[in-house]
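Here's a quick briefing on a protein model, covering its core and one of its sheets. Have a look at the structure, then read on.

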Amino acid sequence: MSDQSSVEFTLDGQKVRARPGETVLSVAKRHGIEIPALCHHDSISDHGACRLCVVEAFWGKGSKLVTSCIYTPWQDERIETNNQRVGRARKMVLELLLARCPRVEEIRQLAREYGVIELRFRKRPRESETERCILCGLCVRVCAEVVGQNAVGYANRGLDRVISTPFGAQADECIGCGACVFVCPTGALHYEDIDGCRIMKELNTRVPMVACRRCGQFFATEAQIAKVRQRLKLSDELAETCPRCRGAEFRGILEKCLVSRELKVKS
C-alpha cells in the first residue's frame, strides 16, 4: 500500500512517486535520470543557486521552468527534464557561467554537452581568466549547517560579489576543517598543510595543526580536534591519534581476536 502523503506524477513520460517533501532532482536521481546541478550536495540543503537543474513543469494548459533541486512536485503534475525549452535555458546559464569562469573545466565540459560554442556575453574584466567561484554557496552552507561555524559568507554585490570571511580577515570561527574545500564543485577553494599550519589562501586563514601522538604526522587542526573532542566526548589520546594509526590499532585488536577464536575452536 502506498504512502497516502506521497505524490504521484509523471517524470519524462513515466509514472513515479515522490516521498513527502522530496524534490524533483532527488526523484530523478532515484530513477537514473541525470540533471546537471553544480550547487547540489546530498549532505547540504539546496539553494537553487546555479540554475542548471531547471526542468519544465506542466499542469493543465500551462507550464513553467522550475529549479528541480528545490521544487517539490504536485499530484498528477507532468515534469520534463530535457526538452527543447529546458535545453535553451541551461545553455544560457552555461554561457553566463563561462563568461564568469571561462577556464573551469567542469563548466566547459557541460557547455560542450549543450553545444555552447560562442558566448553572447562579454567575459568579466580583471580576474575573469582565473576566476573559479560560481557563487553556488555550498561552502557557506556546509560551514553553517554541517560544521556549525558560520566562518564564511557573501560579501559585496553585483559583479563584485564574492565568498569571504568577515571583512576579508582571518575568521576566528574557522577551524580549518576543509569542508568548504571538499564540497566546492569548481576547485575555487584550496588549503595547504605547511610546517604545522593549515593555510587557506582564499579565506586569508592560517590554523595551527596537531601532530599524531603515535606517528608524529600532522593530520588535523587544533580547533578541529577540539570541536570533535567536544562533540564525541573523546579522550585526549584518541582525539590526537590520526585515522591511520587508529585504523592500524583496530586491525591489530581484530587480528588478535580472530587468532584467539581460532585457537579456541581448534582446542
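A nonpolar core here is a set of buried Ala, Val, Leu, Ile, Met, Phe, Trp, Tyr and Cys residues joined through side-chain atoms within 4.5 Å, where buried means under 20% relative accessible area with a 1.4 Å probe, protein chains only. Bear in mind that this is a predicted model: local features need pLDDT of at least 70, side-chain atom pairs count only at pLDDT 80 or more, and totals for chains, interfaces and linings use all residues. Residues are numbered from 1 along each chain as its sequence is written, and side-chain values use heavy atoms, with hydrogens and water left out.

**The core**
- The largest nonpolar core holds 24 residues, and Leu38, Leu52, Leu94, Leu97, Ile107 and Ile134 have the most contacts inside it.
- At least two residues of this core come from each of α2 (84–100), α3 (105–113), α4 (138–147) and α5 (179–183); helices are DSSP runs of H or I, at least four residues, and strands are runs of E, at least two, numbered from the N terminus.
- The top contributor is α2, with four residues.
- Leaving aside residues up to four places away in sequence, Leu94 touches (heavy atoms within 4.5 Å) Leu52, Ile107, Leu110, Ala111, Tyr114 and Val116.

**The sheet**
- Four strands make an open antiparallel sheet, ordered β8-β9-β10-β11; two strands pair if DSSP finds at least two bridges between them.
- β8 (192–194) and β11 (218–221) are the edge strands, each pairing on one side only.
- Three bridges link β10 (residues 205–211) to β11 in the antiparallel sense.
- Val210 sits opposite Ala220 in β11.

Definitions and conventions
Buried < 20%, exposed > 50% of the residue type's maximum accessible area, 1.4 Å probe, protein only.
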